[in-house]
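Visitor: Could you show me how to read the packing in a model like this one?
Guide: Gladly; let us look together.

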Amino acid sequence: MFESLKKKFSRTSDKLEEELIEEAQEENNLEEESGKKFSFFSFGRKDKKEENDSESDVAEIPQEVESIQETDTSDDETSDDKDEKSGFWSFGKKSSDNKEEPQEEEESAEEIQEEEEPKKSHFWSRNKEEDTEESEQADEKTEQKKSRFWSRKKDNDSSEENDEDEEPSGMFSFITAKTISEKHLEDILWELEMGLLEGDVAMEVASAVVDSVKDDLVGRKIKRSNDITEYTYNALRNAVAEIIDIPGKSMTEMIEAKKAQGEPLVVMFVGINGTGKTTTIGKLANYYLKKGYTPVIAAADTFRAGAIEQVNYHADKVGVKLIKHQKGSDPAAVAFDAVEHAKAQGKELVLIDTAGRMQTNTNLMDEMKKIKRVAKPDLVVFVGDALTGNDATQQASKFNEAIDLDGVILTKADADSKGGASLSIGYVIKKPILFLGMGQGYDDIKEYDADWMLNQLFSESGEEVNINEA
């Protein structure tokens, strides 16, 4: 989920790190440091990874000892056997035991080496440099440290020893601590804002995220490159946390409160055609049936051909009562009858299906207002398609103006790579997201949780989503 947003967040961190490191290079204020560089998504997992790395190092020690013992006891082995055992680092490396080869062959090898020397990278040649060339090699390494930020991910030859188990750090520190200023962030945050807008994030949400990140980062003192990544990660996470956490009661809590009063919770669903409104009602009926409640569905979409048959199919599959009238009848009457049935039968939940309508259709919007007056729902819920991005946010805004929404359900959230609607819709209309549709089955619906949502937005790519997670 939300792969597009993840990439934009990670890119913001990388750009800021690149900006500060390049400036430090110009100021001669940069030095490479031992240790491991963390990726943007690694924060919060560092302790676990370090523990695993330590266990891995311990596990490899017996193999290293065994290798040393074999080397000490193999004096009679040929040089060819030694080359095979030397492994990866032996390639391009001239054996020191080939002293008995004819002089002419040795001179010929030296001539070939001189001809190919300019073409070979220092990576392959560093293990066969003679002592007289060490100073030249040191100069080359100094220049490599001053290369651009992205090159350090490729140039991992700062170590002079041939230790295969030692990973290059890729981490830098500043001799004098750097302070993040508005100048460092100007271009980077503009790029972030444009990226969010391209990902269907609403304008006001993108601006709020950028402003929050700016306030959080300006004035931060940086000593190591890892600090840049960590501070940016935390700034972005805090900004998004404020956006997606809209306070509100869950539907389950409201059912319990109404049950204590001896009344059913009445929920009216609105939205445009094709967003999955009727299927969502079937999912919710199944969800609360499994929780021990008894729902009833009202087929108040009496305009669309086949609408009653469609909702009847879901009611039968789930196993709940459906209240319906003939096609073309008054939808408000259907909703009223469903509420009265629930009261009479002691059922805890009424789910009212309404006709899908565009927010610009005045007549249908007036009909929706009539249903609300007659049925007196406790919740009016907008059902939007997460894949439509900013369109879903605009639709919700129009419905909210017309009928005053109480919450939102987003369908197809599991297939949403951009995340624009999920990030924006609640913040724009100031109403909470109640559920997320996470698939096509009746069990594929998840009660919205802001912490879970935040973890999805800031988890590594490919991490599995558990829709049954509390």
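Guide: Contact means heavy atoms within 4.5 Å. Axes are lines fitted to C-alpha atoms, for helices over the stretch in contact, and angles run from 0 to 180 degrees between N-to-C directions. Helices (H or I, at least four residues) and strands (E, at least two) are DSSP runs, numbered from the N terminus. This is a predicted model, where local features need pLDDT of at least 70 and side-chain atom pairs count only at pLDDT 80 or more, while totals for chains, interfaces and linings use all residues. Residues are numbered from 1 along each chain as its sequence is written, and side-chain values use heavy atoms, with hydrogens and water left out.

Visitor: Which strands does α11 lie across?
Guide: Helix α11 lies across β4 (265-270), β5 (295-299), β7 (349-353), β8 (379-385), β9 (407-411), β10 and β11, and runs at about 170° to β7. Helix α16 (residues 420-429) also packs on the sheet, where α16 touches β8, β9 and β10.

Visitor: In what order do the eight strands form the sheet?
Guide: Two strands pair if DSSP finds at least two bridges between them. Here the open sheet has the order β6-β5-β7-β4-β8-β9-β10-β11, with mixed pairing. Each of β6 (321-323) and β11 (445-447) stands at an edge with a single partner strand, so one side of each has no neighbour in the sheet.

Visitor: Is Thr-278 buried or exposed?
Guide: Buried means under 20% relative accessible area, exposed over 50%, partly exposed in between (1.4 Å probe, protein chains only). Thr-278 lies in helix α11 (residues 277-290), and counts as buried because its relative accessibility is 6%.
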